[in-house]
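Work through the exercises below with the sequence and the model open. Each task is followed by a solution in steps.

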Amino acid sequence: MAAAEPPAAERLSQLVSSGFAPLEAALGGSAARCCWSFPLSQAENLLYQLQENFQALTERITLRMEEMGERISDLEKHVADLMAEAGIENTDDGLRR
């Protein structure tokens, strides 16, 4: 895990240190405090884990997209080569690379 706290955990810490004043005002009093059914450290850990999982998933998706882009480029080149071997005129200049 990274050493820096995620922004969501920092904001959650700010809410706690402010005594939930903004949240209490929005909910009309002490009702905000009853909304937390588990310790804030668990909530912060959960938010941090979610952020880490989302980042890892984003990186994997980006890598897969780059790999697929390379495969598509290779396929286009091979199709253009096959068309040239077959003597077919290629009207799509995008296939010639």
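**Exercise 1. Contacts and overall build**

Among contacts in the protein chain between residues at least 6 apart in sequence, what percentage join residues at least 24 apart? Then describe the fold and the surface.

Solution. The model is a predicted one.
- Step 1: of the contacts between residues at least 6 apart, 43% join residues at least 24 apart in sequence.
- Step 2: count the elements; the protein chain has three helices and zero strands. Along the sequence they give the pattern α-α-α.
- Step 3: turn to burial. Of the 97 residues in the protein chain, 14% count as buried, where buried means under 20% relative accessible area.
- Step 4: take the surface. The protein chain has an accessible surface of about 7600 Å², and carbon and sulfur atoms account for 59% of this surface.

**Exercise 2. The salt bridge**

Find how many salt bridges the model holds, name the partners, and state how they are placed.

Solution. 
- Step 1: apply the cut-off, a side-chain nitrogen of Lys or Arg within 4 Å of a carboxyl oxygen of Asp or Glu. The count comes to one salt bridge.
- Step 2: identify the pair. Lys-77 and Asp-81 meet through their side chains, with 3.1 Å from N to O.
- Step 3: Lys-77 and Asp-81 are four residues apart in helix α3, so about one helical turn separates them.
- Step 4: check accessibility. Lys-77 has a relative accessible area of 38% and is therefore partly exposed; Asp-81, at 34%, is also partly exposed.

**Exercise 3. Surface patches**

Which residues form the negative surface patch, and which make the nonpolar one?

Solution. 
- Step 1: for the negative patch, list Glu-66, Glu-67, Glu-70 and Asp-74.
- Step 2: locate one member. Glu-66 lies in helix α3.
- Step 3: for the nonpolar patch, list Leu-46, Leu-47 and Leu-50, which together make about 250 Å² of surface.
- Step 4: locate one of these. Leu-50 sits in helix α3, which covers residues 40-86.

Notes:
Residues are numbered from 1 along each chain as its sequence is written. This is a predicted model: local features need pLDDT of at least 70, side-chain atom pairs count only at pLDDT 80 or more; totals for chains, interfaces and linings use all residues. Side-chain values use heavy atoms; hydrogens and water are left out. Patches are made of residues with over 30% relative accessible area and no salt bridge: like charges are joined within 9 Å, nonpolar side chains (Val, Leu, Ile, Met, Phe, Trp, Tyr) within 5 Å. Accessible areas come from the Shrake-Rupley method with a 1.4 Å probe; for residues, only the protein chains shown count as cover. Helices (H or I, at least four residues) and strands (E, at least two) are DSSP runs, numbered from the N terminus. Buried means under 20% relative accessible area, exposed over 50%, partly exposed in between (1.4 Å probe, protein chains only). Contact means heavy atoms within 4.5 Å. Lys and Arg count as positive and Asp and Glu as negative; His and the chain ends are not counted. The place of a charge is taken as NZ of Lys, CZ of Arg, CG of Asp or CD of Glu.
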